[in-house]
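Hi there,

Here is the structure I promised to pass on to you. Could you have a look at it when you get a moment, with my notes alongside?

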Amino acid sequence: MEFKLEAHRIVSISLGKIYNSRVQRGGIKLHKNLLVSLVLRSARQVYLSDPCPGLYLAGPAGTPAPPPQQPGEPAAGPPAGWGEPPPPAARAAWPEPERPAVPDAPWVGGAEPTATVTGAADAPQGRAADAAEAAWGRVEGPREAAARGAGSPAGGSDAFPEAPQAARRPCACPSGGEDRRGAAAASPGADRRCAPPPSADESPAPPAVCPRKRGAAGVGGGPAGCPAPGSTPLKKPRRNLEEQPGREEDDGAEEMETGNVANLISIFGSSFSGLLRKSSGGGREEEEGEESGPEAAEPGQICCDKPVLRDMNPWSTAIVAF
Amino acid sequence: MVHILPPLNPCQTYCPLITAPQPRTDIISTVEFNHTGELLATGDKGGRVVIFQREQESKNQVHRRGEYNVYSTFQSHEPEFDYLKSLEIEEKINKIRWLPQQNAAYFLLSTNDKTVKLWKVSERDKRPEGYNLKDEEGRLRDPATITTLRVPVLRPMDLMVEATPRRVFANAHTYHINSISVNSDYETYMSADDLRINLWNFEITNQSFNIVDIKPANMEELTEVITAAEFHPHHCNTFVYSSSKGTIRLCDMRASALCDRHTKFFEEPEDPSNRSFFSEIISSISDVKFSHSGRYIMTRDYLTVKVWDLNMENRPIETYQVHDYLRSKLCSLYENDCIFDKFECVWNGSDSVIMTGSYNNFFRMFDRNTKRDVTLEASRENSKPRAILKPRKVCVGGKRRKDEISVDSLDFSKKILHTAWHPSENIIAVAATNNLYIFQDKVN
């Protein structure tokens with residue numbers, strides 16, 4: 001599980017490097033980008049093959065190559081919060097109206113609002129986030145979750161109290177506090193992400209833990225119709241969400257990595273799509289005179305992005321969407 | 001005895017282009033002794049070449065034997081712009097290679113990412129005087145005023161060292177040139193970029209032969225690039241090139257015009273227990289060097305130096321750990337880009353000792369015979385003239401002794417990528433960012 005975490009981080013860093021290489025003096029270095037793309041591929045393989053589900057891995061707080069400790073990230077690091085049982089007050093913070101535009105999909109891959117994970121937002125929910133994180137440890141994969149069907153609100157909330165007592169699996173999300181919140185919140189309606197384990201615990205059901213629908217825009221969305229008892233704490237995350245510029249929405253792809261892509265795209269900005277456009281044959285693909293045709297762009301372009309992006313179909317799909 | 005040279009300084013006699021010194025442009029990017037060791041050339045990120053010359057020994061100053069002083073400085077490459085691709089071409093000198101001396105002048109090749117240049121460095125210590133048609137200042141004289149004829153004579157003048165570009169080999173590389181190597185026939189040389197190697201004749205600048213081309217038809221299938229290439233020191237038909245996958249190919253140009261098929265293929269099987277996300281990066285070879293004997297090749301990857309016997313392809317005969325303590329830090333080194341640093345390696349004149357650089361301004365020497373190794377540091381504090389370099393040690397855990405340095409205290413911005421060893425004596429040149437250090441054996 002740490003591998004998945006690590007893999008995600010490495011993917012973020014790698015994409016940041018590829019992006020930054022565009023503006024480096026002297027043109028894009030083929031060798032370095034090739035190595036970065038190999039790392040990207042390895043990390044992606046690990047990420048996909050790791051059976052640990054439920055990783056709403058938030059990207060770094062707005063930086064392409066984020067340091068392990070995100071600034072303004074109060075719930076720093078997964079291990080920090082794991083020991084804390086979710087306080088009831090925090091749980092009350094969970095319920096939130098669902099963002100209307102967010103499609104109702106399982107695993108709406110935590111399009112983590114990376115840049116949005118602000119300290120302010122997280123602070124009040126810090127502990128809840130931690131709890132959510134712990135809850136994530138028990139969240140099951142999309143398929144299993146789907147199989148279970150949408151949990152009841154109580155069921156969703158059961159994940160909460162359950163988690164801290166449950167063996168804390170080290171597959172927690174690293175940073176985005178909001179991710180964790182969203183992740184942990186089980187949607188009464190349609191959220192199949194956070195299917196609580198059948199042995200949902202004995203803890204009293206917390207007051208309407210409103211599951212959070214996470215779209216590409218990510219955090220803060222709860223399923224529609226979810227009561228919001230703790231409206232006051234909710235305003236903060238919602239505000240942050242609205243403050244987010246350029247939060248694009250995912251098309252609700254089933255897979256996790258799409259959300260992460262959208263997440264990462266928020267790091268790179270909309271110009272990331274330009275990255276793809278150039279490498280996919282538009283723009284300047286000329287090389288020395290005699291070579292032409294379908295060859296990928298010369299070092300002046302992003303030679304390696306093609307193999308990279310092509311390998312990551314969901315990624316490129318999401319990117320193209322922008 | 002230890003000499004320290006000050007940071008590079010465009011103070012020398014001949015400087016065709018004066019540029020305002022900026023800290024970044026002084027970063028040394030290549031160091032190379034010539035074939036006799038009399039001259040030492042350095043190239044920097046600003047496109048300049050500075051050549052040092054060894055002082056002749058004098059009886060009066062025995063302890064100043066063999067000091068290197070600046071001999072010539074010139075601007076080799078300028079930043080350029082490729083309009084077709086909207087790319088800036090860096091002026092950084094990637095490699096310098098000397099030609100063997102055949103007359104009074106010195107010749108060297110210097111290259112940036114795209115263009116190789118042949119420079120002639122010559123001395124002028126006389127100048128003609130007594131022209132008939134020109135006066136002393138060079139102004140033309142009215143022929144009508146000339147009543148007598150005289151023969152111009154050469155009179156001594158202050159020594160002037162001039163560097164002139166004799167050949168410019170351009171427009172032959174689509175990718176970034178990483179190596180140049182002069183052939184033992186002294187008539188040809190090769191230049192290698194990420195995907196191709198070209199063979200040039202010194203006299204012909206508008207054509208080159210492509211001898212290696214590993215570019216796939218579909219760039220998406222690209223899996224490896226060429227990282228370094230070198231000609232065999234004695235066999236003019238043989239050369240090697242290393243790849244980003246940790247392999248070395250030896251090619252014979254007699255076999256075919258395009259040496260896409262190697263004659264020998266050197267690869268060590270990967271140790272599966274060391275597998276990580278970064279296995280591929282750290283196995284990428286950053287430098288390959290033939291031994292002076294031509295019998296061995298040495299390769300440098302991120303953590304090790306390996307010596308290969310040309311007669312054995314399946315594994316190296318020797319492997320030296322340069323800084324294995326970094327193996328657990330690869331992720332951080334990936335983040336800060338240090339994992340992409342390309343360290344070079346060098347043989348000493350007798351092929352008995354190999355040297356390579358590390359971080360924190362450390363460099364390492366390995367004695368192949370005694371199997372002893374030493375870590376030394378190139379820094380101003382430790383390098384007073386005539387002081388003896390003290391061996392350094394990196395503490396890899398456990399109790400740190402007094403003069404050891406812990407891995408976490410290493411300064412990764414101080415890296416020694418480029419070093420050179422005098423061809424016959426124990427004099428080494430070590431480039432530490434923008435400082436050049438020259439060390440030599442203690443002389444009793």
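This is a predicted model: local features need pLDDT of at least 70, side-chain atom pairs count only at pLDDT 80 or more; totals for chains, interfaces and linings use all residues.

I started with strand 13 of chain B, residues 188-192. Five of its five residues are buried, so strand 13 of chain B is largely enclosed by the rest of the structure. Thr188(B), Met190(B) and Ala192(B) point to one side of this strand, while Tyr189(B) and Ser191(B) point to the other.

Strand 12 of chain B (residues 179-182) runs antiparallel to strand 13 of chain B, and four bridges join the two. Within that pairing, Ile180(B) sits opposite Ser191(B). The hairpin that strand 12 and strand 13 of chain B make has five residues between the strands, and Tyr186(B) takes a positive phi near 60° there. With strand 14 of chain B (residues 196-201), strand 13 of chain B pairs over five bridges, again in the antiparallel sense. Here Ala192(B) has Ile197(B) as its bridge partner, and the hairpin has three residues between strand 13 and strand 14 of chain B.

Chain B also holds an open sheet of four strands, in the order 16-17-18-19, with antiparallel pairing. Strand 16 and strand 19 (264-266) of chain B are the edges, each pairing on one side only. From one strand to the next, the twist averages 20°. Five bridges link strand 16 of chain B to strand 17 of chain B (residues 238-243), and Ile226(B) stands opposite Ser243(B) in that pair.

Three cavities of 30 Å³ or more turned up, and the largest cavity has a volume of about 40 Å³. Strand 8 (95-98), strand 12, strand 16 (226-231) and strand 20 (287-290) of chain B each give two or more residues to the lining of this cavity. Among the lining residues are Lys95(B), Arg97(B), Ile180(B), Glu230(B), Asp287(B) and Lys289(B). By class, the lining of the largest cavity has four nonpolar, one polar and five charged residues.

The largest pocket holds about 1400 Å³ of space. It is lined by 46 residues, and the closest to its centre are Lys29(A), Lys92(B), Phe340(B), Lys342(B) and Leu417(B). Helix 2 (30-49) of chain A, together with strand 2 (28-33) and strand 16 of chain B, each supply at least two residues of the pocket lining. That lining divides into 15 nonpolar, 14 polar and 17 charged residues.

Because 15 of the 20 residues are buried, helix 1 of chain A is largely enclosed by the rest of the structure.

Finally, where does Tyr131(B) lie? Its place is in the loop between strand 10 (116-129) and strand 11 (153-169) of chain B. Tyr131(B) has 34% relative accessibility and so counts as partly exposed. Its C-alpha atom is 7.4 Å from that of Arg150(B), 19 residues apart along the chain.

Best wishes

Definitions and conventions: Residues are numbered from 1 along each chain as its sequence is written. Chains are lettered from A and ligands numbered from 1 in the order in which they are written. Side-chain values use heavy atoms; hydrogens and water are left out. Buried means under 20% relative accessible area, exposed over 50%, partly exposed in between (1.4 Å probe, protein chains only). Two strands pair if DSSP finds at least two bridges between them. On a 1 Å grid over the protein atoms alone, a cavity is a set of points where a 1.4 Å probe fits but cannot get out, and a pocket is an open set with protein on both sides within 12 Å along at least five of seven lines; lining residues have an atom within 4 Å of a point. Grid points are joined across faces, edges and corners, and a volume is the space filled by probe spheres set on the points. Ala, Val, Leu, Ile, Met, Phe, Trp, Tyr, Cys and Pro count as nonpolar, Asp, Glu, Lys and Arg as charged, and the others, Gly among them, as polar. Axes are lines fitted to C-alpha atoms, for helices over the stretch in contact, and angles run from 0 to 180 degrees between N-to-C directions.
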